[in-house]
Amino acid sequence: MTKTTGVAPKLAKALGIVLGTDQIPVRLRSWDGSEAGPADAPLIEFTSRRALRRILWSPGQLGLSRAYVAGEIKAHGDIFAAFAALSSAGKFAQPGPFSKPTASEVWTLVKTGVRLGALGPNPAPPPEEARVEKHGRRHSKKRDAAAISHHYDVGNDFYRLVLGPSLVYSCAVWSDENAGLDAAQEAKLDLVCRKLGLAPGMRVLDVGCGWGSFALHAAGRYGVSVVGITLSTEQAELARKRVAEAGLTELVDIRVQDYRDVTDGPYDAISSIGMSEHVGREQLGRYVSQLHGLLRPGGRLLNHAISWNAGPTEEDPDSFIPRYVFPDGEMLSLGEMVVALEGGGFEVLDVEALRRHYALTLRAWVKNIEEQWDEAVRLTSDGRARIWRLYMAASALGFEGGLTGVNQVLLQKAGGEEPPLRLRNWAE
């Protein structure tokens, strides 16, 4: 039988202060087995007093994130339902940084902590928390390399489990909801090739090449020569192995290299798929200038990037995503991106929005994690598996709600041949 008295009612009030709401939108279970909150709401469990202690030390999203990653807060049942409930109320529903409680609210939290025996030293952060600030200035080459390593060097087998055989870590393109993840990813790779107008003998740069999937597709299907660059040593190792197994070593060169260090242009075409989110606003002009300089006159660039659709907002370095998923990552609006690209000398040929496609892709990835949960934990850690499950579920809801989007912007450098009058033949 569920206990209706005990710790849970007091804990619910404390959680309400942190969330900024009088009525918590979830069913809350505490470490003593008692419960509080709406009976039909998604169930969130505080398994230990340590969870409340983390929140007392960091009374905002950081404390909640640390407790969740450490397994001291658990979401039972449908992760999409749990996060949708939380994100619809209080401070989670407001864009921008997660505002901290007032002084009087902090005092109430402390008194609750005393009553529930949760006071004590600040627990060490979970080992999965990013610590890229020790690598120097934001978006320096050294710190960017550390940020990429934090996200991508967590085990190729883990990513294969999450992403499936395609090993494509970006939005797929779905013909319909039942197309299947692998078919949708192949369709996306081919769409990029057709937009770039690839043909045998062309030289292509793939910026942020991941595990080499686009390079393999472009070289194998279109006979082009591809240079793929990544800052992840683990990605590069597996990409080179895949290239060798496909018999494409003469056409594909995988490098561990910063895009700012590429000097061997010109290229006939450049693909940048899910990479510019790591560039940062302050480096965006340099990014555009570098890619423009590497293209031959008339060459095309395909920039595929997530966009922030919720209007201007101040970044919160203590929120879940920068602390545990994408340190130093920055999402720009589509308008910002297009202005920067046009300002750097590119002509926009086409813009295609794929927001709904990314929601389907993320739900497929979450399904892969949940269906192989024990193996996902074995390949990384319990904390890492929880991080990826939550971030992908939350991201899917963000795309479904229009908070975020993803867009393919096709561009051309001036000076070469004119684009054909019938440009959108890839849409057929």
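Predicted model: local features only at pLDDT ≥ 70, side-chain atom pairs only at ≥ 80, totals over all residues.
Local features require pLDDT of at least 70 and side-chain atom pairs pLDDT 80 or more, whereas totals for chains, interfaces and linings use all residues. Residues are numbered from 1 along each chain as its sequence is written, and side-chain values use heavy atoms, without hydrogens and water.

Helix α14 (residues 355-371) packs against helix α16 (residues 382-400) at an angle of about 155 degrees, their axes lying 8 Å apart; helices are DSSP runs of H or I with at least four residues, strands runs of E with at least two. The axes are lines fitted to C-alpha atoms over the stretch in contact, with angles from 0 to 180 degrees between N-to-C directions. The angle therefore makes α14 roughly antiparallel to α16, a term for angles over 145 degrees.

An open sheet of mixed pairing contains 4 strands in the order β2-β1-β3-β4; pairing requires at least two DSSP bridges between two strands. Strands β2 (35-36) and β4 (73-75) are at the edges with a single partner strand each, so one side of each has no neighbour in the sheet. Strand β1 (residues 27-29) pairs with β2 in the antiparallel sense over 2 bridges, and Leu28 has Ala36 in β2 as its bridge partner.

Gln61 belongs to helix α3 (residues 61-69). Gln61 has a relative accessible area of 17% and is therefore buried, meaning under 20% with a 1.4 Å probe and protein chains only. Leaving aside residues up to four places away in sequence, Gln61 touches Phe92, Phe98, Asp318, Ser319 and Phe320.

Technical notes. Parallel < 35°, antiparallel > 145°, perpendicular 65-115°, else oblique. Buried < 20%, exposed > 50% of the residue type's maximum accessible area, 1.4 Å probe, protein only. Contact = heavy atoms within 4.5 Å.
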